[in-house]
Structure formats: structure tokens, C-alpha cells
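Open the model in your viewer and keep the selection tool at hand. We will go from stop to stop.

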Amino acid sequence: MDIVNEILEREQKKAEKYKPITVDKHLPLEFDIGTLFTFDSNDLDTKRLNSDKTRDEYLLSLSRDNTQLLLNKIWELPTERVEEAIVVKLPEPTTVLPRAKPVPKPRPLTKWQEFAKAKGITKKKKDKLQWDEQLQKWVPLYGFKKAAAEKEKNWLIEVPQNLDPMTDMYEKKAEAKSEKVAKNELQRLKNIARAKKVKIPRVGLPVTSDKASANQLSTAATVARASTASLGKFQDRLPKEKDARGKGVHELIPGKDRKRKLPVPTAKVEQQNNLNLLDSILNKRPKIDMDKAVTKHIHTEQVQRSEEKKNEKPRGKPRKGKGAGNPTKFTAKKPKAGKGQRNPGKKTGGRKRR
Amino acid sequence: MAVMQRLKKPTTRRGKKVLQSKDPKPTEGPKQCVFMQGRNPSERTKQLLKDIYDLKKPDAAYLKRKNDFVPFEDATLIEKMCYKKEAALFGVGSHSKKRPHNIVLGRTFDYGVLDMIELGAENFKAMSEFQNMKVLAGLKPCLVFNGPAWDLNSDLKRLKSLFTDLFHREKVESIRLQGLEHTISFTATDDGIIYMRSYRIQLKKSGQRTPRIELEEIGPSIDFKLRRTKLAADDLYKEACRIPREAKTITKKNISRDAFGSKLGRIHMGKQDINRLQTRKMKGLKKTPEERKQMRIKNKQAKQTAKQAQPMET
């Protein structure tokens with residue numbers, strides 16, 4: 001028993017050497033170990049807090065106790081060793097703090113993306129490099145070295161037959177490209193406007209406000225009326241309705257722009273014109289259309305041949321047999337019976353009945 | 001001051017990267033802080049902000065220039081500076097006869113001021129006045145709030161959240177036990193005085209696994225007096241506290257793991273209609289015209305018999 005007492009005594013002495021790690025609190029503390037936060041809602045000792053002498057001492061002891069409690073909690077967590085340092089895994093923080101920026105919203109779809117989604121079109125991945133047969137090398141689809149390759153390829157551009165031979169095809173190509181870029185930019189801006197639900201002005205008629213003016217409306221009506229295949233020739237009109245005039249009308253309706261009157265010709269020019277006209281009439285000669293003539297000739301030949309065929313007597317023996325009818329009047333038609341007239345005595349043609 | 005969506009595309013790749021880094025993200029990093037001087041700052045407020053800046057260091061900027069503005073009247077300068085520095089927290093120091101040694105602490109949301117709380121520094125003892133070893137920069141401190149007033153007063157409640165936001169640094173997965181070196185304690189009394197003290201933790205032997213804690217004051221030691229406040233409306237605050245869907249943990253249904261750790265899934269199948277199943281078409285399986293004719297006759301007969309049977313039943 002002595003040994004036991006001795007050990008117990010020794011342990012007690014050892015324990016007395018160290019200060020305790022336990023703290024007594026009236027109310028339990030609130031912890032958020034994820035943020036290393038603790039909140040002590042116990043009443044403060046106002047007497048010690050209000051006197052300047054004991055304040056710092058009191059605050060120190062209070063903080064020490066609460067920190068001890070917090071660290072006790074942390075030391076309970078499972079530890080692991082990472083590169084010679086003992087590390088504890090902290091739980092998720094429970095205090096919710098406001099964010100610096102709002103939660104990002106998913107990006108709104110563009111018009112094309114919406115359409116592709118509805119139709120189930122998926123983007124096909126293209127190779128960044130493509131083999132160019134003409135240059136005999138790999139050319140990037142876009143970006144670095146694409147322009148140089150294009151320049152090398154188009155050292156000469158043929159002018160098509162239907163164009164003026166003096167057109168600058170390089171300029172034309174550059175213009176087409178800049179148009180494309182501008183269109184793309186416009187579509188991008190439209191997509192942004194759609195996503196932000198901003199009203200954008202229509203492309204056709206200029207609208208300054210929500211309500212169009214009377215002038216604009218009449219212009220729109222005139223243009224709409226002329227937008228048929230016959231340019232509105234057969235469209236009804238209101239009584240006393242007049243066509244709008246001015247900007248926007250002539251540009252949109254074909255054939256509406258006034259032709260400039262030719263200048264009054266001088267006497268000499270007029271005389272020459274008239275003489276030319278007279279000449280053209282007097283020197284008229286029939287034009288020969290070879291195609292027409294040939295077809296006409298062929299047609300007459302064919303007609304003649306068919307006539308001959310009709311008049312020709314059928315060759316071979318005339319058919320015998322009863323009720324065969326007039327062999328000359330033979331047709332492909334089915335032989336008819338008495339044609340509705342009852343005359344049993346009379347022999348009629350027709351199919352033999354069995 | 002919400003930022004408009006850019007209409008103009010960035011022209012360089014680098015510019016694009018910068019703009020992308022400024023975009024809102026589902027999980028944000030540590031909040032940056034800007035410390036500014038207001039109208040006629042006193043030596044005390046300057047030093048105080050400098051000390052807080054030292055505590056906050058890698059995630060803060062200290063601006064020395066004086067600015068002739070009053071945060072509670074016009075906060076556009078704060079919003080501008082926060083936008084420029086990509087910061088969400090700010091501190092402004094100023095001094096006047098009416099409000100001596102005035103410190104305004106606050107935070108922004110979406111580059112607009114969310115909360116702003118004015119504190120008067122009544123007593124201040126700088127960090128340099130404590131002649132002892134300080135803590136390493138960039139450590140995550142323990143935050144201790146004492147006193148029931150923190151929960152009873154709505155302004156103090158928000159101030160508690162603001163102090164936590166200001167000093168907690170960053171959400172971390174794990175922490176080194178030896179790195180728990182710093183404690184900041186905030187004690188609030190009922191008459192609106194907040195005692196802020198900062199201590200270094202000393203881990204002592206206790207004869208057990210958990211160490212005994214001793215504290216040593218390293219400063220700064222500040223006695224704040226609560227002055228004016230400008231708190232966010234509830235709906236704005238709620239919007240700011242929204243947790244993104246990505247951060248929420250969603251449990252997936254119908255997935256389980258057995259004792260060996262292999263993944264098991266439970267799926268639901270609708271009933272399959274075998275009659276409508278399209279099988280392989282072959283010429284050899286095609287019906288001859290005679291067979292088809294017989295089928296038709298058969299169908300017809302079946303229909304007729306059905307028709308005859310009906311009136312008999314009725």
C-alpha cells in the first residue's frame with residue numbers, strides 16, 4: 001500500500017506543479033472553430049472593468065480563460081502530421097459573413113446558342129491546323145500565321161467574267177471582311193441588349209421615341225403598300241390618300257426615284273438623231289431566225305408524213321369472220337354491242353358471248 | 001455603384017485576364033482592406049490604422065494621403081478606392097473637435113458601402129509601446145468576444161460580424177497547432193465601450209496533451225467608443241450573405257457504398273413496350289404477298305365475328 005500511496009502523492013505533486021487547463025463558466029461559450037471564434041455571453045465584472053488599475057489585468061485573465069476553452073476544443077480535433085508539423089483539420093465555419101461581390105449568375109445564352117439548343121445542334125470541334133493543297137503546308141484556321149498564309153495564297157485573284165475587269169478584287173475582299181466583322185459586332189451588342197432587356201431601335205425606320213410621328217407612320221404605310229410583287233399597283237387606297245414623300249420612301253421603293261430629265265438637244269444633234277431613226281426604219285431587213293426556220297421545216301415534214309400514213313391502205317389480207325365489221329374502220333377500241341337499240345334480228349358486232 | 005457590363009471587348013490577352021480576375025466568383029479569397037486618411041487625421045488615428053494594417057498585412061493597403069471627405073456624408077471616394085484596390089473592407093481615420101480621434105470601419109458589397117460603423121479611439125497604446133516579441137505576419141488569430149452586450153445591441157451585433165470579417169483572414173481547411181499564436185479579444189460593455197486587446201499565446205506544459213495557455217499583451221490596446229452607424233438594409237445584407245450553389249453540399253440520391261467501398265447505384269426503369277420495339281429489318285423476314293393476303297382475310301374475319309358478337313351481347 002505504501003507504494004501506491006507514494007505514486008499517488010508523486011502524481012499529485014506533479015499535477016500541482018502545473019496550472020489547470022479547465023475553466024469554470026456560468027454559461028457555456030459559443031464556439032465557431034472554423035473561424036477560430038468564441039463568444040462569451042457571461043456577465044462582466046463591472047467593478048474590475050471600470051477601474052483603470054485592474055482593467056487590463058481583468059481583460060487579460062478573461063481573454064486567457066476564453067482562449068483556453070477555445071484551444072481545448074481545437075486540441076480535441078483529430079490531428080495529422082504534415083511535413084513535421086502537427087495539423088488539425090478545422091470544421092466548416094458556421095458564422096456567415098457577407099461576400100465582397102454578388103453570387104455570379106449563369107451567363108445568358110446568345111440568340112444562336114438558344115437556337116442551337118432548341119434544334120439540338122452541338123458544336124463540332126475543328127482542327128487548329130488544316131492542310132492546304134495549294135500551298136502544300138499546314139495552315140492555321142485562324143490567328144497567328146493565318147493572314148500570312150492567306151497573303152501568300154492570294155498573290156493573284158481572278159476577276160470574274162460578270163464584273164468590270166477594272167475592279168480591285170483585293171479591295172473587295174477586304175471590304176467583305178470588314179462587313180463581316182461589323183455584323184458580328186452588331187450581333188454581339190444585340191445579344192448584350194437582349195440579355196439586359198434593353199430596348200434597341202429597329203434597323204428600318206428611324207424611331208426617336210416610343211411613338212412614331214405621323215410623318216414616319218405615313219412613310220411606313222407607303223413603303224408597306226409598295227412591298228408587293230407588283231410594287232403596290234393593285235393595292236387599294238383610302239379616299240384622298242397620298243403617297244408619302246421624302247427621305248426613306250425613294251430609297252426603299254424601287255422605281256420611285258425621279259429620273260433626271262435629259263438636257264434639251266441642240267438642233268444639229270436632234271437632226272442627226274432623227275436621221276438615224278429614219279435610216280434604221282428604211283434599211284430594215286427581215287431577220288432570219290435559223291432555229292425557228294429549221295423547226296418549222298421539220299414540223300411540216302412530220303405533218304406530211306402522218307397524212308400519207310393515214311391515207312395509205314392497210315397492207316395484208318382483209319380480215320375474215322363474222323361480225324368483224326368493217327375492217328377498214330378497225331380501231332383499238334373495244335367492239336361495242338347494239339348501242340342500246342334492241343333489234344334481235346339484226347346482227348350486231350361485239351364480243352362473242354359464251 | 002454596381003459596375004456595368006462591359007460593352008467594349010478587351011483588346012489584349014493580358015487585359016482580358018485582369019478583367020476575368022475581377023469577375024465575381026463563387027468562392028472568394030481573403031477580403032482586401034484599404035486604410036485611408038480622412039479630413040485632418042490625428043497622430044493617434046494614423047498610428048491606430050497603421051497598427052491594424054500591420055495586423056492585417058498581406059491583405060491590406062495603407063494610403064497616406066489626406067482626403068477632404070466625410071464618409072457618413074459622401075462615401076463615393078471610399079467606393080472608388082475600394083474599386084481601384086479590389087478591396088471589400090475599409091478604415092478611415094479623422095479628427096475633429098466634435099468627434100475626436102474618429103475611426104470609421106466598414107465593408108462594401110459589389111463596390112457599394114454595406115456597413116459603416118464610427119468608433120472613437122478614447123485610449124490607445126500602440127504596438128511599438130509594448131516592448132516584447134510580436135507574432136508572425138499573416139497568422140490566423142483567435143477571436144474572443146466577451147460580454148453579453150455583443151448579442152443584445154443590434155449595432156454591436158453587426159460590429160461583431162464586422163470585426164470577425166476584418167480579422168478572420170480566410171477560410172482554411174486545416175491549421176498548424178503551433179501556429180495558434182495570436183488572440184484578439186473584444187470586450188463590450190453596456191454603455192457602448194469596446195476594449196480591443198491583442199495577445200500572444202504561450203503554450204505551457206500542463207501534464208496533459210492539451211497545453212496550458214498563458215497570454216502576453218503585444219498591442220495595440222484600444223478603447224473604442226461606439227458612435228454613429230450606417231448599417232445595410234436587411235434585404236441587401238441577406239443578398240450579400242447568399243451562399244452560392246457551388247458552395248453548398250448537395251447529397252446525391254440513389255448512390256450508396258457497400259462495406260468493400262464499391263459504389264452502388266439504384267436506378268429506376270420505366271416499363272418497356274416490347275410491341276413497339278423496332279427490330280432489325282431483313283428481306284428474308286418480309287412477308288410474301290400471299291401471306292399478306294391471308295393476314296388481311298384473317299383480320300377481316302376477326303372483325304366480322306367481333307361485330308356479330310356485339311349485338312348478341314346487347
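Start with the largest nonpolar core of this predicted model. This core has 38 residues. Select B:W150, B:L159, B:F163, B:F167 and B:I194, the residues with the most contacts inside it. Now highlight helix α5 of chain B, residues 154-167. Helix α5 gives the most to this core, with six residues. In soluble globular proteins, nonpolar side chains tend to be buried together.

Next, zoom in on B:W150. Which residue of chain A is in contact with B:W150? Select A:F39 to see that partner. From chain B, the contacts of B:W150 beyond four places in sequence include B:F145, B:L156, B:F186, B:T187 and B:A188.

Now color the two chains separately. How many residues does each chain bring to the contact? Chain B brings 71 residues, and chain A brings 54. Together the chains bury about 5800 Å² between them. Carbon and sulfur atoms hold 64% of that area. On the chain B side, select B:L177, B:R212 and B:I213. These three lose the most area to chain A, together 11% of what that side buries.

Finish with the charges. Select A:D56 and B:R197. Their side chains meet in a salt bridge, at 3.1 Å from N to O. Between chain B and chain A the count is six salt bridges. There are also 27 residue pairs in polar contact between them, both residues at pLDDT 80 or more. On the side of chain B that touches chain A, 30 residues are nonpolar, 16 polar and 25 charged.

Technical notes: Residues numbered from 1 in each chain as written. Chains lettered and ligands numbered in written order. Predicted model: local features only at pLDDT ≥ 70, side-chain atom pairs only at ≥ 80, totals over all residues. Heavy atoms only, no water. Core = buried A, V, L, I, M, F, W, Y, C linked by side-chain atoms within 4.5 Å. Buried < 20%, exposed > 50% of the residue type's maximum accessible area, 1.4 Å probe, protein only. Helix = DSSP H or I, 4+ residues; strand = E, 2+ residues; numbered from the N terminus. Contact = heavy atoms within 4.5 Å. Buried area = accessible area lost by both parts, 1.4 Å probe. Salt bridge = Lys/Arg side-chain N within 4 Å of Asp/Glu carboxyl O. Polar contact = N/O pair within 3.5 Å; in protein donor to acceptor, adjacent residues only side chain to side chain. Nonpolar A, V, L, I, M, F, W, Y, C, P; charged D, E, K, R; others polar.
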